[in-house]
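Good morning. I have a few minutes on one structure, so please look at the sequence and the model as I go.

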Amino acid sequence: MSLLNDLIDLNLSENTEKIIAEYIWIGGSGMDMRSKARTLPGPESDPSKLPKWNYDGSSTEQATGDNSEVIIHPQAIYRDPFRRGKNILVMCDAYTPTGDPIPTNKRFNAAKIFSQPEVVAEEPWFGIEQEYTLLQKDVKWPLGWPVGGYPGPQGPYYCAVGADKAFGREIVDAHYKACLYAGINISGINAEVMPGQWEFQVGPMCGISSADEVWMARYILERITEIAGAVLSFDPKPVSGDWNSAGAHTNYSTKSMRNDGGIQVIKNAIEKLSKRHKEHIAAYGKGNERRLTGFHETADINTFSWGVANRGASVRVGRDTEKDGKGYFEDRRPSSNMDPYTVTSMIAETTILWKP
């Protein structure tokens, strides 16, 4: 085993200019992440200079067997925390051989929205709070929970320390450091209200980069849980009953919101969001109706609401934003399994481009 570890840790740069690039894309479910590696002649930091590649879409539920080739286009590059050295992780999106985005490619439409002059001028910032649950591999039950049973009631677990309250911290800390190494703008982590559930935050980031980084952070996390022998779940309500759900609260601001007098711009944006509530809910993640019940720090899925410091509202405005008269707001409706390309671009489209 020690020889195996030595081989895994080999520093390629001592003997060759070649590097390994792990190409990563989103599979047919819209949540499963796929990847494969190729050798490149040397280091590269510009994704447009990387070669396109292909994969068998019939094996990912993204193409038929008689026309199975799907083309992946490199879009963002990160340092590889697993192979290290000059090796890279490459976030890609997927196209047909004729150049059309396949249905699960949500990045393509998001890029069009974020490239609109009105959106570019507003420099939209996003900070995404990604909640997730760690499960025991063989029983698919939360980490730290007795098999077939339940821990004590919620209360002691949020931001807790101690072997009887915090489960999976090694995975969480490994992920935190791996993301920083990769160049992801991860801004923090914490244990959540339900035991075995955690959160990491990415941002603030401008435009589509925020979604790229959330997807890459998800990929890195699932690779780490693979190594640790745990299972990663983004189910918005992994355990029914009196247990908190899992979301992806999306903090948002534009240049106008961050400037003096921005509170009125924020209120105008929230009013727009209220008028498109159903459209946003439909795009904010599968199974969200199990989460947005009006209980456990959520708003009811059928009713739009907002308030200052109200974690039971659809949209929350922070006390500092109210006090300063400018800042940001938090859309608390997206579920943990949402597509960040869809959610971020839709918020920008509704608040900047949409004319009610």
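**The sheet and its surroundings**

Start with the open sheet: its 5 strands run in the order β2-β1-β5-β4-β3, and the pairing is mixed. At the edges are β2, residues 33–40, and β3, residues 53–56, each of which pairs on one side only. On average, neighbouring strands of this sheet are turned by 40 degrees against each other, if direction is ignored. Keep in mind that this is a predicted model.

Strands in a sheet pair through backbone hydrogen bonds, and the pairing is either parallel or antiparallel.

In which sense do β3 and β4 pair, parallel or antiparallel? They are antiparallel, with 4 bridges, and β4 covers residues 69–79. To find the place on screen, look for tyrosine 55, which stands opposite valine 70 in β4.

Next, β4 and β5. This pair is also described as antiparallel, over 8 bridges. Here histidine 73 stands opposite aspartate 93 in β5.

Then comes β1, residues 19–26, which pairs with β5 in the parallel sense over 4 bridges. The residues to look for are tyrosine 23 and, opposite it in β5, valine 90.

Let me stay on β5, residues 88–95. How many of its residues are buried? The count is 8 of 8, so the strand is listed as mostly covered, buried being under 20% relative accessible area.

A word on annotation. UniProt, in an unreviewed entry, places a feature called "domain: GS beta-grasp" at residues 19–99.

Last, go back towards the start of the chain. Helix α1 spans residues 2–8, and leucine 7 lies in it. Is leucine 7 buried, exposed or partly exposed? It counts as partly exposed, because its relative accessibility is 48% and the exposed class begins over 50%. Together with Leu3 and Leu10, Leu7 makes a nonpolar surface patch of about 310 Å².

That is what I have for today.

Conventions
Residues numbered from 1 in each chain as written. Predicted model: local features only at pLDDT ≥ 70, side-chain atom pairs only at ≥ 80, totals over all residues. Heavy atoms only, no water. Pairing = 2+ DSSP bridges. Helix = DSSP H or I, 4+ residues; strand = E, 2+ residues; numbered from the N terminus. Axes fitted to C-alpha atoms, helices over the stretch in contact; angles between N-to-C directions. UniProt positions renumbered as here; feature names shortened; annotations may be inferred. Patch = residues over 30% accessible without salt bridge, like charges linked within 9 Å, V, L, I, M, F, W, Y side chains within 5 Å. Areas by Shrake-Rupley, 256 points an atom, 1.4 Å probe, with all protein chains shown as cover. Salt bridge = Lys/Arg side-chain N within 4 Å of Asp/Glu carboxyl O. Buried < 20%, exposed > 50% of the residue type's maximum accessible area, 1.4 Å probe, protein only.
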